[in-house]
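Here is a friendly briefing on one protein chain. Take a look at the sequence and the structure, then read on.

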Amino acid sequence: MEDFKKKLTQKYRLIAYFCCCALLICFGLMRFVKGADDFAVGLVSGMFSGIMIVSVFNLARIHKALHNEEKLKEMYIQQTDERNVAIGKETMKTSSFISIMVTALAVIVSGFFNPIISITLAISLIADSVITIAVKSYYNKKM
């Protein structure tokens, strides 16, 4: 249980660090990049708000578990239960495949309308593919 508590503490710190970085980047860009159109500012503000809401929710959940043995045990069981782990793995595997296929279709379709969007999506597709291959290689060596 101590190992799980250490992992949760690390996760808590990582999320807090991420929140601080996102806050600095968001406000820094809004302050120093002048002339951004309303759409870009709205998009950034919405993404930032969503990220912060999810992050704060997770920080609160982890904080509660770290300070309450009952919640910690409940979280440990939830995250180490074989069925939940298997469901999580299958979900990520399937969603990664679907995401790559949908992005590939979007590259093709957007090529008929705007080449810049098509190139951007193609770069995103390549990045997703490289990340997927790298992670798979890592686990092939690790397991």
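**A helical chain at a glance**

Helix H4 (residues 82–111) has 30 residues, and from its first C-alpha to its last it reaches 43 Å, close to the 44 Å expected at 1.5 Å a residue. That expected span is 1.5 Å times one less than the number of residues in the helix. Keep in mind that this is a predicted model: local features need pLDDT of at least 70, side-chain atom pairs count only at pLDDT 80 or more, and totals for chains, interfaces and linings use all residues. Residues are numbered from 1 along each chain as its sequence is written, and side-chain values use heavy atoms, with hydrogens and water left out.

**Overall build**

- The chain has five helices and zero strands; both are DSSP runs numbered from the N terminus, helices being H or I with at least four residues and strands E with at least two.
- The C-alpha trace spans about 55 × 40 × 20 Å along its principal axes.

- Of the contacts in the chain with a separation of 6 or more, 61% are between residues 24 or more positions apart; a contact means heavy atoms within 4.5 Å.
- Buried residues make up 15% of the 143 residues in the chain, where buried means under 20% relative accessible area, exposed over 50%, and partly exposed in between (1.4 Å probe, protein chains only).
- The accessible surface comes to about 11,500 Å², and 70% of it belongs to carbon and sulfur atoms.

**Back to helix H4**

- Which residues of H4 are buried? They are Ile100, Thr103, Val107 and Ser110.
- An α-helix has 3.6 residues a turn, so residues three or four places apart point the same way.
- Helix H5 (115–142) is included in what covers the buried residues of H4.
- Glu90 is also found in helix H4, and with a relative accessible area of 44% Glu90 is partly exposed.
- Glu90 and Asn140 are 50 residues apart in sequence and 17 Å apart in space, C-alpha to C-alpha.

- Ser55 has its place in helix H2 (residues 38–66) and counts as buried at 7% relative accessibility.
- Leaving aside neighbours within four places in sequence, Ser55 is in contact with Ile15, Phe18 and Cys19.
- Cys21 sits in helix H1 (residues 2–32) and is partly exposed, with a relative accessible area of 25%.
- Cys21 and Val109 are 88 residues apart in sequence and 35 Å apart in space, C-alpha to C-alpha.

Note on methods
Areas by Shrake-Rupley, 256 points an atom, 1.4 Å probe, with all protein chains shown as cover.
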